[in-house]
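Dear colleague,

I am passing the structure on to you with this email, and my notes on it follow below.

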Amino acid sequence: ESTEKPTETESTEKPTEKPTEKPTEKPTEKPVNTVKVKSFSVNKKSRSVSVGDTIVLRASATGGVGSRYYKFSYKVGNRTYVIKDFSNKNSASLKLKKSGTYKFYVTVMDIAGNKVTKTIGTYKVLPKIHAKKFTVTKKGKTLTINVLASGGVGTKRYQVSVKKGTKTKIVSKYSTKKKVTYTIASKGTYLIKLSVKDSKNHKVS
């Protein structure tokens, strides 16, 4: 009988490695399409306006869900007033009736209720121009006319005219002169008229 032990062969096979698992990636979230005010403007370039002027507000917006709606408002002092509530109209107008410092607002809302607000300020609304003083004194044939106005925007300019019958004569064209003299040529009834305008051509007579 053979006493040799059977030859053992070494295995050259490597142990099977488990495949490396890739980390699970979360799906990329889509960015929220937020509503934004693209533009908001006022029809007045000057920040000084007068009572009686009309302000026109106009806005445009982008983004949001579905249709967009616009609300226009303004603030004077501590009170806020609505010019036009939410609608699909992107403009609104306001005739100024009160002096003060104004700020204007637009709020845009989409159909999901998402809102954004933008402001324009400040606008100084001055009292309406009016004649504060208008006196006529007569000495001999000479009339002395003194004038003074308040309110309005910027520099006030005065024009004085004299009417007798159907004829009108401009004694002093628009200027900053507050004192004008006029010599009466003949007897009769004279109508003296004062016209005032400010730097924005607001006029009162």
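Does Asp-198 count as buried or exposed, and at what relative accessibility? Asp-198 counts as buried because its relative accessibility is 3%, where buried means under 20% relative accessible area, exposed over 50% and partly exposed in between, with a 1.4 Å probe and protein chains only.

Please keep in mind that this is a predicted model, in which local features need pLDDT of at least 70 and side-chain atom pairs count only at pLDDT 80 or more, while totals for chains, interfaces and linings use all residues. Residues are numbered from 1 along each chain as its sequence is written, and side-chain values use heavy atoms, with hydrogens and water left out.

Asp-198 is in the loop between β14 (191–197) and β15 (203–204), strands being DSSP runs of E with at least two residues, numbered from the N terminus. Leaving aside residues up to four places away in sequence, Asp-198 touches Ile-129, Gly-152, Val-153, Thr-155 and Lys-156, a contact being heavy atoms within 4.5 Å. Gly-152 is 46 residues from Asp-198 along the chain, and their C-alpha atoms are separated by 5.9 Å. The side chain of Asp-198 has a polar atom 2.7 Å from the backbone nitrogen of Val-153, and 2.8 Å is the length of a polar contact between the side chains of Asp-198 and His-202; such a contact is a pair of N or O atoms within 3.5 Å, of which, within protein, one must be able to donate a hydrogen and the other to accept it, and residues adjacent in sequence count only if both atoms are side-chain atoms.

Technical notes: Helix = DSSP H or I, 4+ residues; strand = E, 2+ residues; numbered from the N terminus.
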